[in-house]
Amino acid sequence: CQVPARVLELRARLAGRVSVREGLPVLGIEETGAKVRLNFSDATEQDFDRVILAPGPWACEAPFTALTAGLGIRIKKIVAFHIDSPVEAGAAAELFLSEDAFLLPLAGENRWIYSYTCDEW
C-alpha cells in the first residue's frame with residue numbers, strides 16, 4: 001500500500017479517538033495490565049489502551065522481536081522502478097510469483113511501480 005496515503009486515511013477516520021506518534025523510534029514496549037507503555041527515542045514515554053504495531057523493516061529488531069519472533073516475518077531487499085505511463089481506469093496489479101515481482105498501477109499518480117526482490121545490493 002502507499003503508506004503515507006494510508007496513514008492520512010486512518011488519521012482522518014480515527015480523528016479525535018487516537019494519539020499518533022509517527023516517525024519517532026520506539027525504544028521499549030511494556031505491557032502493564034490493560035495499558036501499553038511505549039518508550040520513545042526523544043526520552044518520552046506514553047501509555048496507550050491499544051497500539052497498532054507497524055514497525056516495517058524493523059520488525060525483526062529490538063524492541064519488536066518479543067512480539068514478532070513467532071510470526072515468521074522475513075525482510076526482503078527489493079528494488080522498485082517508477083514507470084511514468086498512463087494507467088487505465090480499473091487497471092489491475094500484475095503478479096509474477098516465480099520472479100517474486102509485481103507491477104502495481106497507481107491511478108491517482110498516473111504511473112506504475114515495478115518491484116522485484118534483489119538478493120544482493
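Four strands make up an open sheet in the order 4-7-6-5, and their pairing is antiparallel. This is a predicted model. Strand 4, residues 78–83, and strand 5, residues 94–96, are at the edges. Each of these two has a single partner strand, so one side of each has no neighbour in the sheet. On average, neighbouring strands here are turned by 15° against each other, with direction ignored.

Strand 4 and strand 7, the latter being residues 111–117, run antiparallel and are joined by six bridges. Which residue stands opposite Ala 80 in strand 7? That residue is Ser 115. As background, strands of a sheet pair through backbone hydrogen bonds, in either a parallel or an antiparallel way.

Strand 2, residues 35–40, runs antiparallel to strand 3, and four bridges join them. Asn 39 has Glu 45 of strand 3 opposite.

Rolling a probe the size of a water molecule over the atoms shows where empty space is left. The largest pocket has a volume of about 1400 Å³. It is lined by 35 residues, and the closest to its centre are Val 20, Arg 21, Glu 22, Ile 52 and Ala 54. Helix 1, residues 3–13, and strands 1, 2 and 3 are the elements that give two or more residues to this lining. Which element gives the largest share? Helix 1 does, with five residues. Sorted by class, the lining has 24 nonpolar, three polar and eight charged residues.

Last, the cysteines. How many disulfides does the structure hold? The count is zero. For Cys 118, the closest cysteine sulfur is that of Cys 60, and it lies 19 Å away, which is too far for a bond; a disulfide needs the two sulfur atoms within 2.5 Å. Are these two residues buried or exposed? Cys 118 is buried, because its relative accessible area is 18% and the cut-off for buried is under 20%. Cys 60, at 40% relative accessibility, counts as partly exposed.

How values were computed. Residues are numbered from 1 along each chain as its sequence is written. This is a predicted model: local features need pLDDT of at least 70, side-chain atom pairs count only at pLDDT 80 or more; totals for chains, interfaces and linings use all residues. Side-chain values use heavy atoms; hydrogens and water are left out. Two strands pair if DSSP finds at least two bridges between them. On a 1 Å grid over the protein atoms alone, a cavity is a set of points where a 1.4 Å probe fits but cannot get out, and a pocket is an open set with protein on both sides within 12 Å along at least five of seven lines; lining residues have an atom within 4 Å of a point. Grid points are joined across faces, edges and corners, and a volume is the space filled by probe spheres set on the points. Ala, Val, Leu, Ile, Met, Phe, Trp, Tyr, Cys and Pro count as nonpolar, Asp, Glu, Lys and Arg as charged, and the others, Gly among them, as polar. Buried means under 20% relative accessible area, exposed over 50%, partly exposed in between (1.4 Å probe, protein chains only). Axes are lines fitted to C-alpha atoms, for helices over the stretch in contact, and angles run from 0 to 180 degrees between N-to-C directions.
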